[in-house]
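Reader: I'd like to go through this chain with you before I set anything up. Could we start with the overall picture and then move to the details?

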Amino acid sequence: MMHAHIVVYGHVQGVGFRYSVRQLAIEHGLNGWVKNNLDGTVEMEVEGEEKPLTVFIEKLKTGRFNRFCRIDDLSVKVMDNEKGFKTFHIK
């Protein structure tokens with residue numbers, strides 16, 4: 001299991017981005033959470049198997065799963081520790 005802390009920069013609030021991220025995570029069998037930050041970024045913690053998590057991060061970079069968003073940059077910190085999330089939810 002791998003764990004990632006991700007911050008997404010761009011036009012990612014007010015466009016259904018968190019809901020799209022949740023659906024994408026569920027499709028890849030990942031658990032964790034996603035939330036809007038006051039500075040306009042979207043933050044998330046995601047965990048699961050290495051390959052699905054890697055694919056999830058690559059899809060995040062493109063933003064193609066949500067046609068209304070624009071991804072300018074991602075901050076990704078991948079760790080070996082597990083937090084034991086049971087579902088993927090929106091905060």
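Author: Gladly, and please keep in mind that this is a predicted model. Of the 91 residues of the chain, 44% count as buried, and the accessible surface comes to about 5300 Å², of which 48% belongs to carbon and sulfur atoms.

Reader: OK, and how many helices and strands are there in the chain?

Author: The chain has 2 helices and 5 strands, and from the N terminus on these elements follow the order β-α-β-β-α-β-β. The radius of gyration is 12 Å, close to the 12 Å that the globule rule gives for 91 residues, so the chain is as compact as a globular protein of that length. Along its principal axes, the C-alpha trace spans about 30 × 25 × 20 Å.

Reader: What share of the contacts between residues at least 6 apart in sequence join residues at least 24 apart?

Author: That share is 77% in this chain.

Reader: Let's turn to the strands, then. Which strands does strand 1 pair with?

Author: Strand 1 (residues 2-11) runs antiparallel to strand 3 (residues 42-48), with 7 bridges joining the two, and strand 1 also pairs with strand 4 in the antiparallel sense, over 9 bridges. On the strand 3 side, His 5 has Glu 45 as its bridge partner and Ile 6 has Met 44, while on the strand 4 side Val 8 stands opposite Leu 74.

Reader: And how many residues of strand 1 are buried?

Author: Strand 1 is mostly covered, with 7 of its 10 residues buried.

Reader: Which residues of strand 3 point which way?

Author: Val 42, Met 44, Val 46 and Gly 48 point one way, whereas Glu 43, Glu 45 and Glu 47 point the other way, and all of them are buried.

Reader: What about strand 2, how does it pair with strand 3?

Author: Strand 2 (residues 31-36) pairs with strand 3 in the antiparallel sense over 6 bridges, and Asn 31 has Glu 47 as its bridge partner in strand 3. The hairpin of these two strands has 5 residues between the strands, and in that hairpin Gly 40 takes a positive phi near 95 degrees.

Reader: Changing topic to aromatics: how many aromatic pairs does a search of the whole structure find?

Author: The search finds 1 aromatic pair. The ring centres of Phe 17 and Phe 65 are 5.7 Å apart and the ring planes are at 40 degrees; since planes under 30 degrees apart count as stacked and over 60 as edge-to-face, the pair is tilted.

Reader: Where do Phe 17 and Phe 65 lie?

Author: Phe 17 lies in helix 1 (residues 17-27) and Phe 65 in the loop between helix 2 (50-62) and strand 4 (70-79), so the pair ties together parts that are 48 residues apart in sequence. Phe 17 counts as buried, at 1% relative accessibility, whereas Phe 65 is partly exposed, with a relative accessible area of 24%.

Reader: Which residue lies over the face of Trp 33?

Author: That residue is Lys 91, at 4.1 Å from the ring centre.

Reader: One last thing: where does Asn 81 lie, and is it buried or partly exposed?

Author: Asn 81 lies in the loop between strand 4 and strand 5 (88-90), and at 38% relative accessibility Asn 81 counts as partly exposed. The C-alpha atoms of Asn 81 and Met 2 are separated by 6.6 Å, although these residues are 79 residues apart along the chain.

Definitions and conventions. Residues are numbered from 1 along each chain as its sequence is written. This is a predicted model: local features need pLDDT of at least 70, side-chain atom pairs count only at pLDDT 80 or more; totals for chains, interfaces and linings use all residues. Side-chain values use heavy atoms; hydrogens and water are left out. Rings of Phe, Tyr and Trp (its six-membered ring) pair if their centres lie within 6.5 Å; planes under 30 degrees apart count as stacked, over 60 as edge-to-face and the rest as tilted. Helices (H or I, at least four residues) and strands (E, at least two) are DSSP runs, numbered from the N terminus. Buried means under 20% relative accessible area, exposed over 50%, partly exposed in between (1.4 Å probe, protein chains only). A charge sits over a ring if NZ of Lys or CZ of Arg is within 6 Å of the ring centre and within 35 degrees of the ring normal. The radius of gyration is taken over C-alpha atoms; the globule rule is 2.2 Å times the number of residues to the power 0.38. Contact means heavy atoms within 4.5 Å. Accessible areas come from the Shrake-Rupley method with a 1.4 Å probe; for residues, only the protein chains shown count as cover. Two strands pair if DSSP finds at least two bridges between them.
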